[in-house]
Amino acid sequence: MTFILLIEQVLNGLQFGVMLFLMAAGLTLVFGVMGLINLAHGSLYMVGAFAAAAVAGATGSFLLALAAALAAAAAAGALMELLVIRRLYNRDHLDQVLATFALILIFSEGTRWLFGSFPLYLDIPDALSGPVTLPGGIAYPAYRLAIIAIGLVIAAGLFWLIARTRLGIRIRAGESDREMIAALGVDISKLYTIVFALGAALAGLAGALVGAIQSVQVGMGEPVLILAFVVIVIGGIGSIKGALIGAILVGLTDTLGGIALPAVLRLVTDNATATSTGAALSSMLIYILMAGVLIWRPQGLFGAQA
Amino acid sequence: MKRETLINAALLLGLLLVPLWAYVTDEPFTITLATKVAILALAGVGLNIALGLGGLVSLGHAAFFGIGGYAMGILASHAQSYTPLMESPFLIEGTKSMPVIWVTAILASALAALVIGTLSLRTSGVYFIMITLAFGQMLFFFAISWPAYGGEDGLSIYVRNGFPGMNTLDPIQFFALCFALLLAALWFSHRLANAPFGLALNAARQSPARVETVGLSPFHLRLIAFIISGAITGLAGALFADLNRFVSPNMLSWQTSGEIMIFIILGGVGRLCGPVAGAALFIALEHFLGGLSEFWHIWLGLLLLLVVLFARGGLIGVLAGRQVAHD
């Protein structure tokens, strides 16, 4: 019984971690290549989820909904980069924080204006709606397993893209020396737009996939955004590998902490105190993890320099 | 500089005259709006010490604002239910007295700033922004999931707390208290900026290596600035909770941190009265745009975007011209 619960929670943690990775990968790429801190990344997640819900409502096809999420988020990201973000590359972080905070206000209220304040729902496709029985007799929702698989495939694809393709070489070159790669004849502003749109598309995909488990509503992006920040701070800003490991670590800490802490506390105090203190502490656990990592390694687990 | 002093005087005089005029014409709601401006400006003055003087972009100042708010909520709720806060090892009772609440709020948020600052100041740049943000979230989730003081619903108190010799239920008298505290904080922050400490802190922002070579520690300068900054914002939080007679985890949310930062940017970073101008503009926008359209945040976002992209000195920068001392 407890073993099955444990496996389930580990899988939930993986699923959560993989989603966080999709968010964190875009953030960390944008920071690594352009040196930009983008608070509006959560808005792209929301755009993806709303686009998916709208298209799924109109056509009934989940695959079309996913395509719409990718396209809408990438388009919104490219537009955002062309109109606003590219004016911020040479500014200090304060200006970047504020301008992207302003973008959040515009995106959130704009979405509320278009779709209203009530949450939308996105249905899980029929093929994935049931549970699957895993080895050991554990029944687990097929959709969540599919999310884990999609996330891992995308992670592998991203590693391949960065390590093996021409675009990846340019991205890495842009990270280490942007003047030099511009001097070598690469259109740096086009590269920036592409990287930004790529990050946006990943965020939009994450929004659409999670939107089928939770409800699709205004403001859904910000909690995920902050967790994605925690992930890239833990993993080291600019590192895709760090983002993946950080995301899985945060996902597992969040789900396992919720069941482990009250159980541990029950050994020392009475049941009611243990439950309430455990709930309060486990909601803080990821931030405690982050503080711990930073005390140990201020530049994050895989960060090059602080 | 001369021109900025004039603008500052006009700004503060305006903030004083509007509620007085509202008092004469009997419009208590306008007085409440002015009180809100004074309190939020006070929170901004606090953040401005870290942000403007110290160059520390903290996206977690809602933590101190909320701690101040909860200091008021917890003390006052114990006082109104006649239950002691703590019995052992010694007895602590709740209180409805503002000065005691203020001192508690200042001490509690200064202590939190000491802990958060010691850990966060090990990093700089983007890491610092994200870590302060994460500490803010940590307290936010703690407040939501800790059931003893209302959890997600927050805490309300029935009657506003008292100040010896004054009737705080009268809007104009409560405004006078908040305005006096704002003036005191402005005077303090002006003196601080021109004191050896402020000059050293300013130097640490511009060139940490040189500050280190003359034998000062940038870390300690920044930590002290962060603590002072957190304490003032905490005081503002206690006043804000008293104004609403309500405190909730919302005060700790990261949107609150963003809003306090918006006051400073709208007004002008590193300007003495920047937060006052910014908070006044913010509340005016909220009041007038909020009346025009339900979706006034879009217009706020556009305005903020324009200020960041094209009017970098903020309101005071536009009115008083470029500042020589900053950067």
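Reply: Helices here are DSSP runs of H or I of at least four residues, strands are runs of E of at least two, and both are numbered from the N terminus. The model is predicted: local features need pLDDT of at least 70, side-chain atom pairs count only at pLDDT 80 or more, and totals for chains, interfaces and linings use all residues. Residues are numbered from 1 along each chain as its sequence is written, with chains lettered from A and ligands numbered from 1 in written order.

In the span 38-57 of chain B, the end C-alpha atoms are 22 Å apart, with 80% helix and 0% strand. An unreviewed UniProt entry lists both 38-57 and 62-80 of chain B under "transmembrane region", along with 100-119, 126-149, 169-188, 219-240, 260-285 and 297-320. Such annotations may be inferred rather than shown by experiment.

Chain B as a whole has 13 helices and two strands. Its C-alpha atoms fill a box of roughly 55 × 50 × 40 Å along the principal axes. Among contacts in chain B with a separation of 6 or more, 74% join residues 24 or more positions apart (C-beta atoms within 7 Å).

Chain B also touches chain A, with 36 residues from each chain in the contact. On the chain A side, helix 4 (93-115), helix 9 and helix 11 each give two or more residues. Helix 4 of chain A provides the largest share, 15 residues. That side has 28 nonpolar, four polar and four charged residues.

Helix 11 of chain A (residues 271-296) bends by about 45° at Leu285(A) (the angle between axes fitted to the seven residues ending there and the seven starting there). Leu285(A) is one of the buried residues of this helix, which also include Gly278(A), Leu281(A), Met284(A), Tyr287(A) and Leu294(A). Their cover draws on both chains, including helix 9 (221-235) and helix 10 (240-266) of chain A and helix 4 (98-120) and helix 5 (125-145) of chain B.

Methods. A residue is buried if 20 or more other C-beta atoms lie within 10 Å of its own, exposed if 12 or fewer, and partly exposed in between; C-beta atoms are placed from the backbone. Two residues are in contact if their C-beta atoms, placed from the backbone, lie within 7 Å. Ala, Val, Leu, Ile, Met, Phe, Trp, Tyr, Cys and Pro count as nonpolar, Asp, Glu, Lys and Arg as charged, and the others, Gly among them, as polar.
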